[in-house]
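Here is a short briefing to read alongside the model. Please keep the structure open and follow the topics as they come.

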2 protein chains.
Amino acid sequence: MSKPIIYVVQELHNEQIALIQKMAPDYQVITAKEAPTLTFEEDQIEILFGWRKDLGTRLLKSSTSRLKWIQMISAGVDYIDLETIQKKGILVSNGSGIHAVPIAESVIGILLAHTRSIHPSILNQQKKTWQPDLTFTELPDKKILIVGTGNIGIQLAKLSHAFGMLPIGVNRTGHDVSGFAHVYAQEKIDSILPEADIVVNILPLTAETHYFYDSQRFSAMKDGVLFINVGRGPSVNTSDLLAALVTKKIAFAGLDVFEEEPLPVESPLWEMENVLITPHTSGQAEHFKNKLFAIFAENLPLFIQSGTLARNNVDLTLGY
Amino acid sequence: MSKPIIYVVQELHNEQIALIQKMAPDYQVITAKEAPTLTFEEDQIEILFGWRKDLGTRLLKSSTSRLKWIQMISAGVDYIDLETIQKKGILVSNGSGIHAVPIAESVIGILLAHTRSIHPSILNQQKKTWQPDLTFTELPDKKILIVGTGNIGIQLAKLSHAFGMLPIGVNRTGHDVSGFAHVYAQEKIDSILPEADIVVNILPLTAETHYFYDSQRFSAMKDGVLFINVGRGPSVNTSDLLAALVTKKIAFAGLDVFEEEPLPVESPLWEMENVLITPHTSGQAEHFKNKLFAIFAENLPLFIQSGTLARNNVDLTLGY
């Protein structure tokens with residue numbers, strides 16, 4: 001039987017690839033880049049570092065695949081077939097934690113682009129128009145509802161606090177998380193929504209959170225609320241969001257994720273004055289490769305030794 | 001002799017005007033709005049609340065003017081004739097402190113608009129273009145040089161610290177200010193400039209700070225520095241700034257103030273991709289009127305009683 005394979009989809013530095021080979025001498029390390037020039041049995045892949053839809057789908061379908069561990073790049077793993085993965089006893093680890101700082105910074109940046117009228121000023125600059133007659137607000141004493149209290153939510157709560165805002169959390173069970181003034185359970189969110197000046201979605205996408213934000217939920221929000229979505233697009237019913245934006249129930253939406261990505265050119269969202277669109281980039285990080293590699297390199301020895309993972313293990317039943 | 005006049009240029013609520021009249025029963029309160037319909041002697045104006053160039057200039061020229069106190073709206077008072085004011089023994093108070101929170105928020109907003117590529121994404125949205133292939137950086141461990149350590153600088157240092165940046169201050173004498181890792185004297189700035197990833201100008205405009213940022217100073221900065229000016233336009237030599245932006249010595253400039261305002265339509269700054277322009281609005285505040293009124297209302301009784309001011313007194317020799 002040939003050596004098991006570590007298949008590396010994620011782009012790495014040569015030194016990092018060499019380090020993997022050194023840590024796992026009994027494995028063959030193949031990168032996606034060199035794969036087309038090599039002869040190997042896909043079924044021999046035991047570890048997949050990074051996800052590629054075509055390859056991943058083939059491996060999950062194959063009855064003879066040796067696949068045992070997938071190291072994902074993203075925090076959310078909603079777009080892979082968790083049911084099959086769980087049935088086959090495959091482990092999944094994610095990139096959670098890497099994204100906390102960049103996403104929290106993006107949320108504050110999008111928020112200030114609106115509250116400090118930087119957004120309209122950028123558009124005015126295009127027209128060479130000096131227009132100081134805009135609306136300005138400040139953040140102190142604003143209530144920010146952070147829906148999702150994982151790494152990203154905790155970092156956002158920390159920054160919100162520094163700006164003098166009151167961070168309130170929402171999570172599945174309502175369990176307390178440090179850094180939040182209060183935490184509500186997801187099912188109780190409607191009781192706090194009317195008080196929030198700002199609502200930020202960071203929920204992972206699961207059956208429970210699909211269309212979590214619909215017309216009923218938007219109508220429970222404060223008039224003129226600011227809504228930011230850096231979680232997953234399908235957590236929001238886009239038609240209902242559009243309706244709430246047209247009536248100005250939602251004064252401003254900062255959207256990094258969408259039901260369909262890339263956002264189709266026909267979407268009315270592109271042209272709405274009270275919408276700021278970023279192309280699913282809020283989690284992009286400067287030293288991303290190194291941070292992701294650190295997760296993989298911490299997991300690899302334990303996986304080889306005992307078939308378990310040291311960190312970033314995804315609970316396949318919960319889906320995150 | 002007729003009653004001395006409190007002339008209110010600044011727009012106020014009716015209740016606030018009534019309160020001034022109640023606090024100063026021996027004065028006649030005249031607002032700029034009602035002035036055209038009234039008959040009064042301008043020379044009788046003893047207190048000017050807010051600045052109007054035409055009226056102010058006339059009063060300073062008049063040898064019979066009773067003007068004794070000007071409550072300015074802005075923090076910087078560089079645009080009024082401080083020499084004449086000092087000679088005539090007129091007091092000046094400013095709006096310093098009101099602007100700290102909004103300006104610090106604007107600086108962080110402008111900075112994140114660049115580092116999180118929100119700026120190019122807003123422009124891409126105009127073209128309905130989904131373009132995630134942009135540059136992203138994070139703020140932790142970046143050195144931010146805050147030139148000016150007054151209320152605004154202190155607030156900015158506080159926020160910078162929360163983002164994990166290292167705030168370094170610069171002020172006239174190099175005296176220590178809490179919240180800064182180090183503080184350098186203005187004349188020693190070139191020794192620290194090469195280390196700063198971000199330089200933010202908040203200096204008041206004085207003879208010493210005119211063209212403080214010139215080609216020599218820009219060339220002392222780190223390659224690819226981010227430069228933000230929310231102080232005063234004439235602290236920067238615009239031609240030298242343009243040159244540094246063209247060579248990308250300055251990777252990005254966020255400019256709220258300019259040598260000439262409004263920025264002339266011919267200025268090349270409007271079209272530069274690495275420039276974000278806001279129209280001198282970084283200090284705009286939500287509850288501005290109330291905060292400014294609070295300063296005036298605190299000063300008024302002491303002024304009436306003893307001819308001195310309780311707070312926000314401008315040192316006419318220093319110019320701030």
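The second largest cavity of this predicted model is lined by A:Ser121, A:Asn124, A:Gln125, A:Thr129, A:Trp130, A:Gln131, B:Trp270, B:Ile277 and B:Pro279. A cavity here is a set of points on a 1 Å grid over the protein atoms alone where a 1.4 Å probe fits but cannot get out, and lining residues have an atom within 4 Å of a point. Helix 5 (residues 118-126) of chain A gives the largest share of that lining, three residues; helices (H or I, at least four residues) and strands (E, at least two) are DSSP runs, numbered from the N terminus.

**Cavities**
- The second largest cavity holds about 50 Å³ of space, where a volume is the space filled by probe spheres set on grid points joined across faces, edges and corners.
- Its lining divides into four nonpolar, five polar and no charged residues; Ala, Val, Leu, Ile, Met, Phe, Trp, Tyr, Cys and Pro count as nonpolar, Asp, Glu, Lys and Arg as charged, and the others, Gly among them, as polar.
- Searching the whole structure gives three cavities of 30 Å³ or more, and the largest cavity has about 60 Å³.
- Residues lining the largest cavity include B:Asn229, B:Thr238, B:Phe258 and B:Glu259, and the lining as a whole comprises six nonpolar, three polar and one charged.

**The seven-stranded sheet of chain A**
- Seven strands of chain A make an open sheet with parallel pairing, in the order 8-7-6-9-10-11-12; two strands pair if DSSP finds at least two bridges between them.
- Strand 8 (182-185) and strand 12 (275-277) of chain A are the edge strands, each pairing on one side only.
- Neighbouring strands of this sheet are turned by 15 degrees against each other on average, direction ignored; axes are lines fitted to C-alpha atoms, for helices over the stretch in contact, and angles run from 0 to 180 degrees between N-to-C directions.
- Four bridges join strand 6 (residues 143-147) and strand 9 (residues 198-201) of chain A in the parallel sense, with A:Asn201 as the bridge partner of A:Val147.
- Helix 6 (residues 151-162) of chain A packs on the sheet and touches strand 6, strand 7 (166-171) and strand 9 of chain A, contact meaning heavy atoms within 4.5 Å.

**The five-stranded sheet of chain B**
- An open sheet of five strands in chain B has the order 2-1-3-4-5, with parallel pairing.
- Strand 2 (28-31) and strand 5 (91-93) of chain B stand at the edges with a single partner strand each, so one side of each is left without a neighbour in the sheet.
- Helix 1 (residues 14-23) of chain B lies across strand 1 (5-8), strand 2 and strand 3 (45-49) of chain B, at about 155 degrees to strand 2.

**Backbone details**
- A cis peptide bond with omega of about -5 degrees joins A:Glu261 and A:Pro262; in chain B, the bond from B:Glu261 to B:Pro262 is also cis, with omega near -10 degrees.
- B:Lys128 is not a glycine, yet has a positive phi of about 50 degrees.

**Confidence and conventions**
- Chain A has a mean pLDDT of 96, with 100% of its residues at 70 or more; pLDDT is the predictor's confidence in each residue, from 0 to 100.
- The model scores ipTM 0.87 and pTM 0.88.
- Residues are numbered from 1 along each chain as its sequence is written, and chains are lettered from A and ligands numbered from 1 in the order in which they are written.
- In this predicted model, local features need pLDDT of at least 70, side-chain atom pairs count only at pLDDT 80 or more, and totals for chains, interfaces and linings use all residues, while side-chain values use heavy atoms, with hydrogens and water left out.

Terms used. On a 1 Å grid over the protein atoms alone, a cavity is a set of points where a 1.4 Å probe fits but cannot get out, and a pocket is an open set with protein on both sides within 12 Å along at least five of seven lines; lining residues have an atom within 4 Å of a point.
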